[in-house]
Structure formats: C-alpha cells, structure tokens
Amino acid sequence: MRMTDETAVLLVNLGTPDAATPGAVRRYLAQFLMDPRVVQLPRWLWAPLLRGVILPLRSRRVARKYASIWMPGGSPLAVHTRNLAAAVQERLPHMRVMHAMRYGNPSIPDAFAALRSERIGRVVVLPLYPQYSTTTTASVDDIVRRARNMPTHSVADYHLDPAWVRAIADSIRAHWSEHGRGERLVFSFHGLPQRVVDNGDPYAVQCAASVAAIVENLGLASHDYVHTYQSRFGKERWLEPATMPTLEALARQGVKRVDVVCPGFAVDCLETLEEIAELNADAFRHAGGHALRYIPCLNDAPAHADALAALAERALRQ
Ligand SMILES: C=CC1=C(C)c2cc3[nH]c(cc4nc(cc5[nH]c(cc1n2)c(C)c5CCC(=O)O)C(CCC(=O)O)=C4C)c(C)c3C=C
Ligand SMILES: [Fe+2]
Ligand SMILES: [Fe+2]
C-alpha cells in the first residue's frame, strides 16, 4: 500500500484500567509492572512475587481507590486524555490526531494499525509526559519502535516549553483569583527510585527546571513554594522530599492553607485526584492544617491544547 503525505499526531499517555474492578486493575497493573523499564528486578524473582503477592493484594485495594474517582465516561485519565486529543484535533484540522496508552487501551500497536489503514504517511508521537524519564517516555519509545510502520518522530519532552510553562502558571493564577491564595504553593511530581536517577535518568533535573520556570513566571520567592515527590512504590529509597511528610511538617509549623499543583501530570488521574486531593488533603488536616486546595491539571484546557498542537507542528517541520 502506498503511503500519502497525510500526517498524524499520536498523543500517548500511561494508561489506566478499563473498569474500577479488581480484575481490570489486575490486568492493567500486570502489564505496567512487568515492564522492565518500570521494575528492574530480575524476572525470575519479580514475576512470581508480582503474581503471587503484589497483584492479589494491590488490585483489590487500588480498585477501591479508582472507584472513588471514576467518571461517567470511565477512568479520569482515559476521559481527560480523550478530550485533550479532541481539543488538539480541533487545532490541527489538516492532520489526524489520535491517542493511545502505553498500558491497556487503546494500545499503541492498534493506533499504528489504524493510521496505516487510513494511509497516513508520517506520525509525530507526543508522549504526554512534560519531563522525560526512562520509566515513562523511553518505555513509550520501546513500543513505538516495534509497532511503527511509517516514518515516525517522537517528542522527547516539553518541560521548558514556553507555552506550556505559561499555561501552568496561568492556571495557578486563575486558581488563586477564584479561591484565594494559600500560604505555600506545593509542586508535587510523581516520584522515581533514587537509583534510577543515579543511573542517569534526567527526570529529576527536568522537574526542578520546570518548577524554576513556573516560579519565575509567577514571580515567587523561595519561601513561597516547595518542590516534592509523591506516589512512592516499593521499599527502595525514592526521590525526596516526599509530598505527604512535607505537608504534615508544614501543618505542624502552623501553615493553615496550602495549594498543591502537579505539573508532571498532563491530565488528572488516580495520583492527583485520589492521592493528592483526597489522601494528602486528609493528612494535612490531621496534622493541624485547615485546607489543602488542589489545582487541577491542564486536562483539555484551551491553553494546553494550543501548546501541544504547536509542539506537534514544530516537530513535524523538523
Ligand atoms: C508522570 C510520570 C510518571 C512517572 C515518572 C511514573 C513512574 C513510576 N510509577 C510507578 C508505579 C505506579 N504508578 C501508578 C500510576 C500512575 N503513574 C503515573 C505517572 C508516572 N509514573 C500516572 C499518570 C499514574 C495514574 C494512572 C491512572 O490510572 O490514573 C501505579 C498504579 C496505581 C497504584 O497501584 O498505585 C503504579 C503501581 C513506578 C514503579 C514508577 C517508576 C519506577
Ligand atoms: Fe506511576
Ligand atoms: Fe499512587
């Protein structure tokens, strides 16, 4: 089949269970946690541990967490990613915009099969991770390399993209003007094992650079904000400072109101809606704080779709 000049943009996110049930969560976690980019233990050790201990226990507990945030259209990560792709499509009428998930559905191989049948000639893959990590971005690339059947260009990261930085800063300003401003702004990013960073993963450096750029745009002083890492998984040492103990320490120091923003997540998901807006908000109050206000991800906001559409167009010109 001859390819055409038609180009496509494939937005790729992490993925999420198809239902808030232990079975669906188990299928999702099994695929996610067997990715050697994510858990680097030897397979002979990890596979039986995962199947025998972790999946049976974790799937039930995590399914209840998903149930607490589930939307009429599905998992928030799936709903927001779908809506974001539609918003980007509106801005790129001359291209085909699709989305896919690294784990679960719709899969990356299925997306490439669909693009091939639509006779698309060239694809820009835009992983929805502002900061590059081997555990996320490189893992998307692993599958893209295997699945692609046409010329493909991948965007590595956009952690300092001016339009993206401005969109995040504007969303914080909008939140402040609607709800008032807390005494501290907490920037909480998904964590990584410290070992992964020690082995050369640029994620932590890029997270810090994003914080610096957003803070500069907002004109904040160093005592106005804190940069933390959330979502520890397993027994290893992860990036620090950790979000929850930091919030508890702030509350004990007498801080009554904090705002939390998560610029490592393109769209809201379990880690923001349940972990930050529910779990960490409770912990902050139990430690003596009055209110943790969570600032939502950019999701399908016009400024977010504008920034991503411009990134994709620039990548295509390269
Ligand atoms: C935004 C960047 C992310 C990095 C970096 C990342 C690394 C990473 N994650 C785990 C383990 C889990 N993460 C889970 C959920 C999850 N993680 C991200 C993003 C990053 N992960 C997102 C967007 C989500 C939410 C998915 C959703 O459906 O809403 C989970 C699943 C939930 C749970 O069981 O707690 C796990 C497990 C590791 C081990 C890791 C780096 C090594
Ligand atoms: Fe994660
Ligand atoms: Fe988590």
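This is a predicted model: local features need pLDDT of at least 70, side-chain atom pairs count only at pLDDT 80 or more; totals for chains, interfaces and linings use all residues.
**Ground rules.** I number residues from 1 along each chain as its sequence is written, letter chains from A and number ligands from 1 in the order in which they are written.

**Entry 1: domains.** I started with the domain assignment, which gives domain 1 as 7-158 + 302-317 and domain 2 as 162-295. Such bounds come from an automatic or database domain assignment. I looked up the distance between the two centres, taken over C-alpha atoms, and found 23 Å.

How many residues of each domain are in contact with the other? I find 25 residues of domain 1 against 22 residues of domain 2, where contact means that the C-beta atoms, placed from the backbone, lie within 7 Å. On the domain 1 side, α2 (43-69), α3 (76-91) and α11 (302-317) each supply at least two residues. My helices (H or I, at least four residues) and strands (E, at least two) are DSSP runs, numbered from the N terminus. That side of domain 1 has 12 nonpolar, 10 polar and 3 charged residues. For these classes, I count Ala, Val, Leu, Ile, Met, Phe, Trp, Tyr, Cys and Pro as nonpolar, Asp, Glu, Lys and Arg as charged, and the others, Gly among them, as polar.

**Entry 2: the sheet β2-β1-β3-β4.** I traced an open sheet of 4 strands in this order, with parallel pairing; two strands pair if DSSP finds at least two bridges between them. Which strands are at the edges? They are β2 (96-101) and β4 (152-154), each pairing on one side only. Neighbouring strands of this sheet are turned by 25° against each other on average, direction ignored. Strand β3 (residues 122-127) runs parallel to β4 and is joined to it by 3 bridges. I also noted Val123 opposite Thr152 in β4.

Helix α4 (residues 108-117) lies across β1 (7-13), β2 and β3, at about 160° to β2. For such angles I use axes that are lines fitted to C-alpha atoms, for helices over the stretch in contact, with angles from 0 to 180 degrees between N-to-C directions.

**Entry 3: the sheet β6-β5-β7-β8.** Here I found another open sheet of 4 strands with parallel pairing. Its edge strands are β6 (225-230) and β8 (291-295), and the twist averages 25° from one strand to the next. I counted 5 bridges between β7 (residues 257-261) and β8, which run parallel. Arg257 stands opposite Ala291 in β8.

Helix α9 (residues 243-252) lies across β5 (184-190), β6, β7 and β8, running at about 140° to β6.

**Entry 4: ligand 1.** Which residues are closest to ligand 1? I get Thr16, Leu77, His190, Cys269 and Leu270 as the closest of 22 surrounding residues, a residue being near if its C-beta atom, placed from the backbone, lies within 6 Å of the molecule. The shell draws at least three residues from each of domain 1 and domain 2, and α2 and α10 each supply at least two. By class, I count 12 nonpolar, 8 polar and 2 charged residues in the shell.

I then checked UniProt, whose unreviewed entry lists His190 and Glu271 for "binding site". They span 82 residues in sequence, yet no two of their C-alpha atoms are more than 7.9 Å apart, so they gather at one spot. UniProt positions are given in the numbering used here, feature names are shortened, and annotations may be inferred rather than shown by experiment. I placed His190 in strand β5.

**Entry 5: backbone details.** Most residues other than glycine have a negative phi, and most peptide bonds are trans. I noted these exceptions:

- The bond from Asn105 to Pro106 is cis, with omega near -10°, and Pro106 lies in the loop between β2 and α4.
- The bond from Glu240 to Pro241 is cis, with omega near 0°, and Pro241 is in the loop between β6 and α9.
- Arg119 has a positive phi, near 60°, and lies in the loop between α4 and β3.

Methods
Two residues are in contact if their C-beta atoms, placed from the backbone, lie within 7 Å.
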